[in-house]
Amino acid sequence: MSSSGFKFTLLVPLMVACLMASSARNFHNDFDITWGDGRGKIVNNGEVLTLSLDKASGSGFQSKNEYLFGKIDMQLKLVPGNSAGTVTAYYLSSKGSTWDEIDFEFLGNLSGDPYILHTNVFSQGKGNREQQFYLWFDPTADFHTYSILWNPQRIIFSVDGTPIREFKNMESFGVPFPKNQPMRIYSSLWNADDWATRGGLVKTDWTQAPFTASYRNFNADACVWSNGASSCKSNASPSSASTNSAWFSQEMDSAKQQRLKWVQKNYMIYNYCNDAKRFPQGLPPECNMS
């Protein structure tokens, strides 16, 4: 092999490595810590963000960008040990009195008892669409990926690639769907011991403070909203600014549908569509759709 050929074979993997490194997300570039008086920190050269909670205050952050549709991934490692009374919220939300919101909330528990993953969808200021789950792993032992796929047809909540919930666009049946309001990503760690654990019966044990949740490997394959316009060409199709536009029309294949049924059969612990006592005038219309 010529010396130039040898140099080229060395350069190619080096160039690829540089490209991969440059594409890594950095929390400094994507998020602002918005409250907590120093309790939120970006560490490891921007690769990890941590939120902490003590008796004086919790903490939180928000994305620099607003999004109108996208696939949002974040790895979280939740508060370990006795996390009773604490809530780690990770969600998309717009502003105003008729806001839209797509929620993950992790409700802490006593040591050895499982976290509850609480999900909700708000459209035009109306929520009351709670579904709650146990997880099939310990979410405090390692990082796991929590994803929101949001396109004009559906919202899919996933954990490590396994769908746990789907909220379809059923505007034709009079059900509002989040599709017109750009949303930021928010997350916070806060004390909610008046309701979070066993309806408020179990209080936060402040001797265990500070409580800490960690975040890494954020990715947003999404339409960024800026100055009244989307980075995507139109509401019909993403532009080349979105590196992988498959999410825009994505739906669950049969394998994903089977995984969704598995989760809902074995790990769902509350579904508003099964709570007839809560809706004496009748269940919400989306509950009657297949």
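Me: What makes E105 count as buried?
Reply: In this predicted model, E105 has a relative accessibility of 14%. Buried means under 20%, so E105 counts as buried. The residue lies in strand β7 and touches V87, T88, A89, I116, L117, H118, W190 and W195, leaving aside residues up to four places away in sequence.

Me: Why is E101 called buried?
Reply: The relative accessible area of E101 is 13%. The cut-off for buried is under 20%, and E101 is therefore buried. E101 is found in strand β7, residues 101-107. Among the residues that E101 touches are Y91, N120, F122 and M183.

Me: What makes the pair E101 and W99 a polar contact?
Reply: The side chains of E101 and W99 are joined at 2.8 Å. A polar contact requires N or O atoms within 3.5 Å, so the pair qualifies.

Me: How do you know that E101 and E105 carry the feature "active site"?
Reply: That comes from UniProt, where an unreviewed entry places the feature at E101 and E105. Such annotations may be inferred rather than shown by experiment.

Me: Why is E286 called buried?
Reply: E286 has a relative accessible area of 8%; buried means under 20%, so E286 is buried. E286 lies in the segment after β16 (268-271). A polar contact of 2.9 Å joins its side chain to that of Y272, and E286 also touches R129, F167, M170 and V175.

Note on methods. Residues are numbered from 1 along each chain as its sequence is written. This is a predicted model: local features need pLDDT of at least 70, side-chain atom pairs count only at pLDDT 80 or more; totals for chains, interfaces and linings use all residues. Side-chain values use heavy atoms; hydrogens and water are left out. Helices (H or I, at least four residues) and strands (E, at least two) are DSSP runs, numbered from the N terminus. Buried means under 20% relative accessible area, exposed over 50%, partly exposed in between (1.4 Å probe, protein chains only). A polar contact is a pair of N or O atoms within 3.5 Å; within protein, one must be able to donate a hydrogen and the other to accept it, and residues adjacent in sequence count only if both atoms are side-chain atoms. Contact means heavy atoms within 4.5 Å.
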